[in-house]
Amino acid sequence: MIELYQLRWSHYVEKVRWALDFKGLAWRAIDIVAYKKQEMSRFPCAQTVPLIHDASTGVALSDSSPILRYLDEAYPEPPLLPADPVAREEAWQWMLRLDSTLGLHARRLGYTQIIMECPDALPRLFMTRPFGGLFARRGWRSLAAPVLGMMLTKRFRFDRNQQDRIYERLESLLLPLAGRLGRHAYVMGERLSAVDITLASLLRPLRIVPHFSHHPRLQELFAWQQRLFRSHNRDAAYPYETMIEAQRQRSGVMRAGVSWMEAPAVAVTDADGLRVVAANDQHSVSGLSLFQAWPGYLKLRWFSGVGKRAYSPAPYLEA
Ligand SMILES: N[C@@H](CCC(=O)N[C@@H](CS)C(=O)NCC(=O)O)C(=O)O
C-alpha cells in the first residue's frame, strides 16, 4: 500500500494520483493541514505535497516528477516513461519544464482568480479541519478569507503577476502546445506518457481563468485535456471549480479582460536550459510580512486590471 500525502485540490497531487491509478497500484490518501504538515513531518524529504510513502519498499519521496519516475522504476508496467534513454531524457526534461513553468504559473493565476471572484472559497479549501472547521462555515468564512488571501498573496506574489508577466509567459508556452495537440494525440510518441499526465494535470487551474479557458487559440488544448480526463476518469469537478462556477452563475459576470494583454501580447519565455530539479516559487510568510500583504491583496481584489465580462462557459465545453 502506498500512502499519498495530499492537498486534495493540488494539481501536482492530481498528477501523482493519476499515475498511481494508471499503474493500478493500491494507495490511500492522507489529507494534510497545509500550515503545519505534521502528518508528514517524520519523512526526511522536502515537505511539499505530493509526498508518497511506499510501505513495501520504505521509500518516502516528495516532488511529483521524481515520484512518477520512482513509480515507473519500482512498478514498470504499464510504463509511464519511454524505455529508450534519449526519449526518456526528453520526457524527463518536458516534465521538469512543465513543473517549473506551467505548474507554478497556473497555480498563481488560479488562486488569483479565486481571490478576484470568490475569496470565500479559500476557507472552504484550507480551513475544513483547523478550529473544528469553524472558519469554513458560512459567515465565519468571510472573516478568514482575507487573511488567507493575504497569506497566499505573500507566499506566491500574486500582486506581481503583471510585473512578472505571468499571463504572457503562459501564453508563449501554451500556444505551440495547443497547435501540436490539435494534430497529435500525445505530447511525445504514440501513447500516453508521464508528460501528458503532467501537462493535463498542471493545466487544471487554468480552467477557471477565462483569459486562458476562453482563449480562441487554446480551445484545442483544453479539448485535448477534456478528452484525456474523460477517457481516464479524471473529470470529476474540483471544489474550487464548482464554487467559482456557482458564483459566476449568481452574478452573471467573470473576471476575464486582462487589460495589459489587450494590446498584442509580447512573447516572454522561461529559461529553457537542461533542468535537474523542478523550480518552486513559495516564499515564507511571517506574522509581520502577512500584515504587509494587505495593500497587495486589496489591489488584487479590486484594482487588478482584470475587468468583468458577461459570464459564459468556455467554448471547448460546449463543443
Ligand atoms: N515541484 C513540486 C511542487 C509541489 C508544491 O509546490 N506543492 C504545494 C501544493 S500545490 C505544497 O506543497 N503546498 C504546501 C505549502 O505551500 O507549504 C512538485 O512537483 O510536487
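Reader: By class, what makes up the lining of the largest cavity?

Author: This is a predicted model. In the model, the lining of the largest cavity has two nonpolar, three polar and three charged residues. The residues are R97, T101, R169, S172, L173, V268, T269 and D270. Asp and Arg count as charged, so R97, R169 and D270 fall in that class. Val and Leu count as nonpolar, which places L173 and V268 there.

Reader: What makes this space a cavity, and how many of 30 Å³ or more are there?

Author: A cavity is a set of points where a 1.4 Å probe fits but cannot get out. The structure holds one of 30 Å³ or more. About 40 Å³ of space lies in the largest cavity.

Reader: Which helices supply at least two residues each to the lining of the largest cavity?

Author: Helices α3 and α6 (166-183) do. α6 gives the most, with three residues.

Reader: Why is the largest pocket said to lie between the domains?

Author: Domain 1 (2-74) and domain 2 (88-318) both give residues to its lining, so the pocket lies between them. The volume of the largest pocket is about 860 Å³. Of the 40 residues that line the pocket, L7, R107, R155, F156 and Q282 are the closest to its centre.

Reader: Which element gives the most to the lining of the largest pocket?

Author: α3 does, with six residues. Helices α1 (11-22), α3 (85-117), α5 and α11 (287-292) each supply at least two. By class, the lining has 25 nonpolar, 10 polar and five charged residues.

Reader: How much space lies in the second largest pocket?

Author: About 330 Å³. It has 20 lining residues, and R207, E241, E245, Y316 and L317 are the closest to its centre. Two or more lining residues come from each of α9 (219-231), α10 (239-251) and α13 (315-318). α10 gives the most, with five. The lining of the second largest pocket divides into nine nonpolar, four polar and seven charged residues.

Reader: Why are α5 and α12 called roughly perpendicular?

Author: Helix α5 (residues 140-156) and helix α12 (residues 294-302) pack at an angle of about 105 degrees. Angles of 65 to 115 degrees count as roughly perpendicular. The two helices are therefore roughly perpendicular to each other. Their axes are 9 Å apart.

Reader: Which residues make the contact between α5 and α12?

Author: From α5 come A145, P146, G149, M150 and T153. From α12 come W294, G296, Y297 and L300. By class, this contact has six nonpolar, three polar and no charged residues. Gly counts as polar, so G149 and G296 go into that class.

Reader: Which peptide bonds are cis?

Author: One of them runs from V49 to P50, with omega near 5 degrees. P50 sits in the loop between β2 (27-31) and β3 (51-54). The bond from E77 to P78 is also cis, with omega near -15 degrees. P78 lies in the loop between α2 (64-74) and α3.

Terms used:
Residues are numbered from 1 along each chain as its sequence is written. This is a predicted model: local features need pLDDT of at least 70, side-chain atom pairs count only at pLDDT 80 or more; totals for chains, interfaces and linings use all residues. Side-chain values use heavy atoms; hydrogens and water are left out. Axes are lines fitted to C-alpha atoms, for helices over the stretch in contact, and angles run from 0 to 180 degrees between N-to-C directions. Helices (H or I, at least four residues) and strands (E, at least two) are DSSP runs, numbered from the N terminus. Angles under 35 degrees count as roughly parallel, over 145 as roughly antiparallel, 65 to 115 as roughly perpendicular and the rest as oblique. Contact means heavy atoms within 4.5 Å. On a 1 Å grid over the protein atoms alone, a cavity is a set of points where a 1.4 Å probe fits but cannot get out, and a pocket is an open set with protein on both sides within 12 Å along at least five of seven lines; lining residues have an atom within 4 Å of a point. Grid points are joined across faces, edges and corners, and a volume is the space filled by probe spheres set on the points. Domain bounds come from an automatic or database domain assignment.
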